[in-house]
Amino acid sequence: MFQILKSFWTGLVRLGKSILCSIKRATIFSVQRAAMFFLALCTSASQLFASSTGAGGFTKATTEISSYQTPVSNLMKAIAAVIVLVGAFNVYFKMQNGDQDVKKTIMMTIGGCVAFIAMSEALPLFFK
């Protein structure tokens, strides 16, 4: 059980690092890819816990997975804040340089932020 939790936590840390790397590139595609990876990670972890034998093991696994709900939701909100900060600087520098794709950059930043906020708010629905 401890090995599964350790691998789940390691996966979350790797996810956080990959999301931060994808934010640097500031593209919606990489944010969507990271979000899909996160959802796949949560799904596979819940399947690993659900495969334990006995009702007691299943109940314990459900409780353990549900305990990650708040920290992961807060992490996703923090990532949305980082997206906003990086996007704001990106828009500012593009406006100063006179680039033509400022509106596109603004929309990508807003889209990434809204996506992460929506996912963090929808996360508790997976555990009900």
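**Close-up views of helices α4 and α5**

**View 1. Glu121 and Lys77 join their side chains in a salt bridge, 3.0 Å from N to O.** Here a salt bridge is a side-chain nitrogen of Lys or Arg within 4 Å of a carboxyl oxygen of Asp or Glu. Since Glu121 belongs to helix α5 and Lys77 to helix α4, the pair ties together parts that are 44 residues apart in sequence. Helices are DSSP runs (H or I, at least four residues), numbered from the N terminus. Glu121 is partly exposed at 48% relative accessibility, and so is Lys77, with a relative accessible area of 33%. For these labels, buried means under 20% relative accessible area, exposed over 50%, and partly exposed in between (1.4 Å probe, protein chains only).

A word on the model: it is predicted, so local features need pLDDT of at least 70 and side-chain atom pairs count only at pLDDT 80 or more, while totals for chains, interfaces and linings use all residues. Residues are numbered from 1 along each chain as its sequence is written, and side-chain values use heavy atoms, with hydrogens and water left out.

**View 2. A salt bridge also links the side chains of Lys94 and Asp101, at 3.2 Å from N to O.** Lys94 is buried, its relative accessible area being 17%, whereas Asp101 is partly exposed at 30%. The count of salt bridges comes to 2.

**View 3. Helix α4 (residues 69-97) and helix α5 (residues 102-126) have axes that come within 9 Å and cross at roughly 175°.** That angle makes α4 roughly antiparallel to α5 (over 145 degrees; angles run from 0 to 180 degrees between N-to-C directions, with axes fitted to C-alpha atoms over the stretch in contact). Sorted by class, their contact has 16 nonpolar, 8 polar and 3 charged residues. Nonpolar covers Ala, Val, Leu, Ile, Met, Phe, Trp, Tyr, Cys and Pro; charged covers Asp, Glu, Lys and Arg; the others, Gly among them, are polar.

**View 4. Along its 29 residues, α4 reaches 42 Å from first C-alpha to last, close to the 42 Å expected at 1.5 Å a residue.** The expected span is 1.5 Å times one less than the number of residues. Buried residues in α4 include Val72, Met76, Ile83 and Val91. After α4 comes Gly98, with a positive phi near 80°.

**View 5. Ser73 sits in helix α4.** Ser73 counts as buried at 9% relative accessibility. Leaving aside neighbours within four places in sequence, Ser73 is in contact (heavy atoms within 4.5 Å) with Ser120 and Leu123.

Notes. Helix = DSSP H or I, 4+ residues; strand = E, 2+ residues; numbered from the N terminus. Parallel < 35°, antiparallel > 145°, perpendicular 65-115°, else oblique.
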